[in-house]
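Subject: The model, with some notes

Hi there,

Here is the structure I promised to pass on. Have a look at it first, and then read on for what I found.

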Amino acid sequence: MDLDVFVTAHRAEWDRLEQLLGRGRRLTGAEADELVSLYQRTSTHLSLIQSSTPDPMLTGRLTQLVARARATVTGARRSSWRDAARFLTAGFPAAVYRSRRWWIPTALLSVAVGVLIGWWIAAHPEVQASIAAPDELRALTKPGGEYETYYSSHPAASFAAQVWTNNAQAAAICLVLGAFLGIPVLWILLLNMANLGVGFGLMASAGRLDVFLGLILPHGLLELTAVFVAAGTGLRLGWTVIDPGPRSRREALAEQGRAALGMAIGLALVLFVSGLIEGFVTPSGLPTWARITIGVVAEAAFLLYVYLLGGRAARAGETGDVDAADRSAKLPTAA
């Protein structure tokens, strides 16, 4: 295709489209029809140029024209409270439900690794000695030691905010870095399970495993579930890079990436709840059974939320992706 001849033949149409866009809403019926027609033709022109003789300056101008025209033709949709309600009752739980084949195995394997590390440390005094000196280990595990006072060392509100921020960042990192074939996600999981396993092993070796579980389970059930969901979703995103299925890799990644972004928002809310439990319930004077019961109820509520609301929404076709009207337009491709 001769680019100069093509530009000469269609420049007037592009200039006319730009003129109509500059008038905003002050268009007659005929002018509105003309704008739609010019938008469609300019989209085709852009596709032809991109596929045959791409020119950066011309492509940039036509891309901007097509984007402006699309916004004018389709109209800008404003988010509302209804969108937020739909996200919380359908979009987010459906996305978690649909990714269950990734995060449930991730959870089971991660917990198994954490327990194995804990058993290895508890059963081998030489491993404990490599972690810290005997006096330091006693300071960690004794009644009123650092493991117990950690949760009450700061005011509850600030501690809950700090915990929420740290956990939300970890979940977001799992979701974002999953595109790198899931390798960073596996490393983050290993670090988390190693930290959990060290505490498990040291407290078990001191005969205080019941105290450790009484401190971890109230908030840890929901917190770890959220981390496992984020990790499983990140691993699924990484697998999409390897095997996008019948779609193009770009299209598959875009769909999974948009769902992962929504997942990050939803998991931030879940981690906010676990942060409140960790800040106000875990260090409280409630009996151990009462604190663990609160954690179990929170975990059960989340799983019921995912399997009841999410399962129903997923069966109705909800994927957790944004609405079709809010996605980027697909330009026609030249044959």
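C174 is buried, because its relative accessibility is 1%, and buried here means under 20%. Please keep in mind that the model is a predicted one. C174 sits in helix α9, which covers residues 156-177. Leaving out residues up to four places away in sequence, C174 touches V185, I188, A230, A231 and G234.

How far apart are the end C-alpha atoms of α11, given its 34 residues? They are only 42 Å apart, whereas a straight helix at 1.5 Å a residue would reach 50 Å. There is a bend of about 55° in α11 at G220. Helix α11 is also mostly covered, with 24 of its 34 residues buried.

Is I242 buried, partly exposed or exposed? With a relative accessible area of 46%, I242 is partly exposed, since that class lies between the 20% limit for buried and the 50% limit for exposed. Beyond residues up to four places away in sequence, I242 touches L181 and R249. As for A170, this residue is 72 residues from I242 along the chain, and their C-alpha atoms are separated by 24 Å.

Now for the neighbours of α11. Helices α11 and α12 pack at an angle of about 170°, and their axes are 9 Å apart. That angle makes the two helices, α11 and α12, roughly antiparallel, because angles over 145 degrees count as such. The residues of this contact between α11 and α12 comprise 17 nonpolar, six polar and four charged.

With α13 the arrangement is as follows: the axes of α11 and α13 come within 8 Å and cross at roughly 10°. The helices α11 and α13 are therefore roughly parallel to each other. On the α11 side, the contact is made by L213, G214, L215, L217, P218, L221, L222 and T225. On the α13 side, the residues are T288, R291, I292, G295, V296, A298, E299 and F302. By class, the contact of α11 with α13 has 10 nonpolar, four polar and two charged residues.

T282 is found in the loop between α12 and α13. At 2% relative accessibility, T282 counts as buried. Its contacts, not counting residues up to four places away in sequence, are Y151, L215, P218, H219, I277 and R291.

Then there is α4, residues 81-98. Does the length of α4 agree or disagree with its number of residues? It agrees: at 1.5 Å a residue, the 18 residues of α4 should span 26 Å, and the end C-alpha atoms are 24 Å apart. Helix α4 does bend, by about 50°, at F87. The buried residues in α4 include A90, G91, F92, P93, A94, A95, V96 and Y97. The buried residues of α4 pack against α5 (100-123), α11 (209-242), α12 (249-281) and α13 (288-315).

Of those partners, here are the details for α13. The axes of α4 and α13 come within 7 Å and cross at roughly 95°. That makes α4 roughly perpendicular to α13, because angles of 65 to 115 degrees are counted that way. From α4, the contact draws on L88, T89, A90, F92, P93, A94, V96, Y97 and R98. From α13, it draws on F302, Y305, V306, Y307, L309, G310, G311, A313, A314 and R315. In the contact of α4 with α13 there are 14 nonpolar, three polar and two charged residues.

Last, a residue in another helix: T59 is in α3, which runs over residues 56-74. T59 counts as buried because its relative accessibility is 15%, against the limit of 20%. Leaving aside neighbours within four places in sequence, T59 is in contact with L46, I49, Q50 and P54.

Happy browsing, and best wishes

How values were computed
Residues are numbered from 1 along each chain as its sequence is written. This is a predicted model: local features need pLDDT of at least 70, side-chain atom pairs count only at pLDDT 80 or more; totals for chains, interfaces and linings use all residues. Side-chain values use heavy atoms; hydrogens and water are left out. Helices (H or I, at least four residues) and strands (E, at least two) are DSSP runs, numbered from the N terminus. Buried means under 20% relative accessible area, exposed over 50%, partly exposed in between (1.4 Å probe, protein chains only). Contact means heavy atoms within 4.5 Å. The expected span of a helix is 1.5 Å times one less than its number of residues. The bend at a residue is the angle between axes fitted to the seven residues ending there and the seven starting there. Axes are lines fitted to C-alpha atoms, for helices over the stretch in contact, and angles run from 0 to 180 degrees between N-to-C directions. Angles under 35 degrees count as roughly parallel, over 145 as roughly antiparallel, 65 to 115 as roughly perpendicular and the rest as oblique. Ala, Val, Leu, Ile, Met, Phe, Trp, Tyr, Cys and Pro count as nonpolar, Asp, Glu, Lys and Arg as charged, and the others, Gly among them, as polar.
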